[in-house]
Amino acid sequence: MTALIRQTPQGPHHEPHSEAPDYREAPHNLEAEQDLLGAILVNNEALDRVSSFLKPDHFFDPLHGRIFESAAKLIMGGKRATPITLKTFFQADPPVGDLTVPQYLGRLAANATTIINAEDYGRTVYDLAVRRNLIEIGESMVNTAYDSPIDAEPSKQIEEAEQRLYELAETGKYGAGFEPFSSALTDAIDMAANAYQRDGGLSGLATGFADLDQRMGGLQASDLIILAGRPSMGKTALATNIAYHVAKAYAADPNTGEATDGAVVGFFSLEMSAEQLATRIISEQSQISSEKIRRGRIDSNDFDRIVEASQELQNLPLFIDQTGGISVAQLAARARRLKRQRGLGFIIVDYLQLLTGSSRRAQEGRVQEVSEITTGLKALAKELHVPILALSQLSRQVEQRDDKRPQLADLRESGSIEQDADVVMFVFREEYYLERSQPRENTEEHRQWQQDMEAVMGKAEVIVGKQRHGPTGTVTLQFSPEFTRFSNLAASDRLPDRME
């Protein structure tokens with residue numbers, strides 16, 4: 001239990017006792033804990049300075065943690081926390097040295113001098129608690145590495161350690177608190193200035209599709225953008241097209257190293273391999289069918305075009321993580337690492353439903369787990385100040401309607417996705433459904449079908465169903481399925497937008 005009489009520091013010539021125990025004590029500072037509690041008991045306003053980040057379990061001495069918790073409950077309830085009002089909570093506790101706990105509370109208050117340093121004491125207590133947690137994680141890693149069976153995969157232990165470190169880092173985010181409006185105003189003016197100076201007048205990253213950029217103003221930093229669609233609509237194709245455009249446009253200031261255009265792209269491909277993604281991008285740029293490339297059905301001219309496209313793509317700042325089934329915590333840790341090492345500016349996740357949440361959320365149900373995933377992605381976008389484009393599946397109820405254009409309600413586990421997303425876009429190709437409903441030839445229905453097919457052939461709609469910063473509506477793009485390539489529609493072929 002806590003010693004009441006503080007020991008004076010030993011002089012510089014003091015020799016350690018020869019029989020001192022040979023072990024290291026966990027990092028702690030009882031004096032900082034005592035001074036903080038004393039400051040709170042003398043002036044309850046001191047709690048406001050530490051309540052945003054300090055918790056009872058951060059105290060090394062369990063009694064101190066209980067005193068902090070009891071005082072906080074009283075103060076939050078609009079009551080005064082003093083040695084007298086706290087007395088009833090600790091009547092049955094064993095004595096601290098030669099003092100009862102109520103007497104100890106009085107001693108804490110009597111020894112308090114000022115609340116000016118309360119936040120500094122709180123930070124000290126918190127930082128030491130983090131160090132103790134790090135020691136615990138480190139010891140656990142060592143013990144697990146020693147005791148694990150020989151056939152246990154080390155990668156699993158690494159992921160578990162990353163998860164625990166991530167949770168520790170997340171718990172420790174006590175934020176910057178309030179900031180003056182002038183600071184936010186400066187940021188807004190800087191964004192407007194960047195948009196004014198950038199070609200096309202975009203405040204965000206250009207997708208490479210003029211109509212989509214005009215609709216959205218580019219991909220905005222800190223935004224969570226959901227791109228959803230049924231299978232074979234072209235979600236991954238559109239995502240890889242955008243990834244290529246953003247990475248290709250990347251340029252950095254030679255003095256500061258900050259991106260002046262485009263961005264370094266991190267692509268989390270949870271479904272496709274890195275090789276498959278690379279093949280798609282080569283197909284897009286060389287305009288040779290990805291199927292021909294995979295099957296080797298190419299001639300010398302095709303091969304030369306592939307080599308030329310590959311050379312152009314060689315130095316593209318596009319990084320692919322093809323690990324399947326990772327958690328949102330692992331994704332965040334890897335994104336932070338890439339941000340530190342390469343200056344990450346844009347993240348793509350293909351796709352949302354293949355991420356996993358914490359085991360606790362998973363036990364509560366898939367909806368709760370997806371809610372944790374979308375909340376985590378939005379928090380990561382704000383933390384790294386980058387846009388995150390996350391692909392998402394749609395429920396099968398789309399197929400039951402005559403008009404198969406997707407709606408917000410079609411999102412799987414739609415509540416959390418729709419709520420957390422800043423932008424929700426849908427990819428829809430009417431051609432896909434129409435070509436599967438071909439009527440019998442040489443009939444009036446078949447002639448009408450041919451006219452309808454000609455109208456939608458090679459066209460894809462990107463439906464902006466939700467946008468916090470601007471209007472919703474539909475953008476039409478050209479789509480070449482053999483190359484999985486989207487492109488701007490020729491001006492004469494553009495359909496009028498449907499504005500909402």
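Visitor: What does the accessible surface of the protein come to?
Guide: The accessible surface comes to about 27,700 Å², of which 49% belongs to carbon and sulfur atoms; areas are computed by the Shrake-Rupley method with a 1.4 Å probe. This is a predicted model, where local features need pLDDT of at least 70, side-chain atom pairs count only at pLDDT 80 or more, and totals for chains, interfaces and linings use all residues. Residues are numbered from 1 along each chain as its sequence is written, and side-chain values use heavy atoms, leaving out hydrogens and water.

Visitor: What percentage of the residues count as buried?
Guide: Buried means under 20% relative accessible area (1.4 Å probe, protein chains only). Here, 44% of the 500 residues qualify.

Visitor: How many helices and strands are there?
Guide: Helices (H or I, at least four residues) and strands (E, at least two) are DSSP runs, numbered from the N terminus. This protein has 18 helices and 11 strands.

Visitor: How far does helix 5 reach?
Guide: The expected span is 1.5 Å times one less than the number of residues. Helix 5 (residues 118-147) has 30 residues and reaches 43 Å from first C-alpha to last, close to the expected 44 Å. Its buried residues include Ala118, Tyr126, Arg132 and Ile137.

Visitor: Among contacts between residues at least 6 apart in sequence, what percentage join residues at least 24 apart?
Guide: Contact means heavy atoms within 4.5 Å. For this protein, the share is 69%.

Definitions and conventions. Buried means under 20% relative accessible area, exposed over 50%, partly exposed in between (1.4 Å probe, protein chains only).
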